[in-house]
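Let's walk through this structure together, starting with how its strands pair and then turning to a few backbone details. Please keep the sequence and the 3D view open as you read.

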Amino acid sequence: MHEPLVPAPLVFRDDGTPWSPRHDDIYHSAAGALSQARHVFLKGNGLPERWRGKPRFNVLETGFGMGINFLATWAAWRDDLQRPASLHFISVEKYPFTASDLRRAHAAIIDDASVMPLAASLAAAWPVLVTGMHRIELEHRALTLTLAFGDVMDVVPRLKQDGMTADAIYLDGFAPARNPDMWTPALFASLAGIASDDASFATYTSAGQVKRALLQSGFEYRKVCGFGGKRAMLVGKRASVSNEINL
Ligand SMILES: C[S@@+](CC[C@H](N)C(=O)[O-])C[C@H]1O[C@@H](n2cnc3c(N)ncnc32)[C@H](O)[C@@H]1O
């Protein structure tokens, strides 16, 4: 499982938003990539509050893209005096960018100067584009980024075999209508298998098929206010055992 990957092309729409020709969808909201990451994925998972008081915390993401959610999480962790001593961010990506396109994308879309040094460190540590797990140690090894290059349905079951657990899950795989493979009950069942007892999740979508797949797989959700003009998004957690029986 170490085949070379075909890198994703870096394409911008006329309004400057990165867009995927393969999926005909944008990577982030036109209202701001970092702001979206902070609203949807950090706040949606109750972070930074939920990681406080824990010695270590694991985030699992479906769809690394340009790493904007990772950079927003890294910055929030770096700036939090009550941060866990160890943060592990695991992200799955089937179509990674090259390091030079990652740099170009960051220069175009990162609108917070304090995040730029983190983006530069990420690009400098960017692995060769072959399938498999790539571990990047940052912040004197207090922050680990595991980039899992491959299809989400191959990788997530493997993470479970490797004994990984997730305390927060970022579901970020393009719109369900354009990329249904990232939103299947089978994937959510695998995610439930590696979610810790008090794991949370967040996603920008509130599509019916996602709600049904979450419920079928042992998660419970709430609709909350979305980002950038979107009325709703979903946040939630693993259902308790009694709820699972009732579903
Ligand atoms: C909306 S973008 C993610 C944006 C990203 N989280 C960020 O912060 O920049 C969705 C990502 O999912 C990836 N993807 C799509 N289908 C996939 C699959 N089957 N397995 C793994 N990754 C996939 C795409 O290549 C894309 O990078």
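Two strands count as paired here if DSSP finds at least two bridges between them. With that in mind, look at strand S10 (residues 219–225) and strand S11, which pair in the antiparallel sense over seven bridges. This is a predicted model, so please read everything below as a description of a prediction.

Strand S11 covers residues 232–238, and five of its seven residues are buried, so the strand is mostly covered because buried means under 20% relative accessible area.

Which other strand is joined to S11 by bridges? Strand S9 (residues 195–203) is, through four bridges, and the two run antiparallel. Here Phe201 has Gly236 of S11 as its bridge partner.

**Backbone details in the loops**

Asp24 has a phi of about 45°, and Glu139 has one near 50°. Asp24 sits in the loop between strand S2 (18–20) and strand S3 (25–26). Glu139 belongs to the loop between strand S6 (132–138) and strand S7 (143–149). The table sets their values side by side.

| Residue | Phi | Relative accessible area |
|---|---|---|
| Asp24 | about 45° | 41% |
| Glu139 | near 50° | 31% |

Are these residues buried, partly exposed or exposed? Asp24 is partly exposed, and Glu139 is partly exposed too.

There is also a cis peptide bond to find: it joins Leu47 and Pro48, with omega at about 15°. Pro48 is in the loop between helix H1 (33–42) and strand S4 (56–62).

Is His23 buried or exposed? Its relative accessible area is 12%, which is under the 20% cut-off, so His23 counts as buried. Which residues touch His23, once its neighbours within four places in sequence are left aside? The contacts of His23 are then with Tyr95, Phe174, Arg178 and Asn179.

**The protein as a whole**

Stepping back, the secondary structure of the protein comes to eight helices and eleven strands. The radius of gyration is 17 Å, close to the 18 Å that the globule rule gives for 247 residues, so the protein is as compact as a globular protein of that length. The C-alpha trace spans about 50 × 40 × 40 Å along its principal axes.

How much of the protein counts as buried? Of its 247 residues, 53% do. Among contacts with a separation of 6 or more, 72% come from residues 24 or more positions apart.

As for the surface, the accessible area of the protein is about 11,000 Å², and carbon and sulfur atoms account for 52% of it. The protein carries 26 positive and 25 negative side chains, and the centres of these two sets lie 4 Å apart.

Technical notes
Residues are numbered from 1 along each chain as its sequence is written. This is a predicted model: local features need pLDDT of at least 70, side-chain atom pairs count only at pLDDT 80 or more; totals for chains, interfaces and linings use all residues. Side-chain values use heavy atoms; hydrogens and water are left out. Buried means under 20% relative accessible area, exposed over 50%, partly exposed in between (1.4 Å probe, protein chains only). Contact means heavy atoms within 4.5 Å. The radius of gyration is taken over C-alpha atoms; the globule rule is 2.2 Å times the number of residues to the power 0.38. Accessible areas come from the Shrake-Rupley method with a 1.4 Å probe; for residues, only the protein chains shown count as cover. Lys and Arg count as positive and Asp and Glu as negative; His and the chain ends are not counted. The place of a charge is taken as NZ of Lys, CZ of Arg, CG of Asp or CD of Glu.
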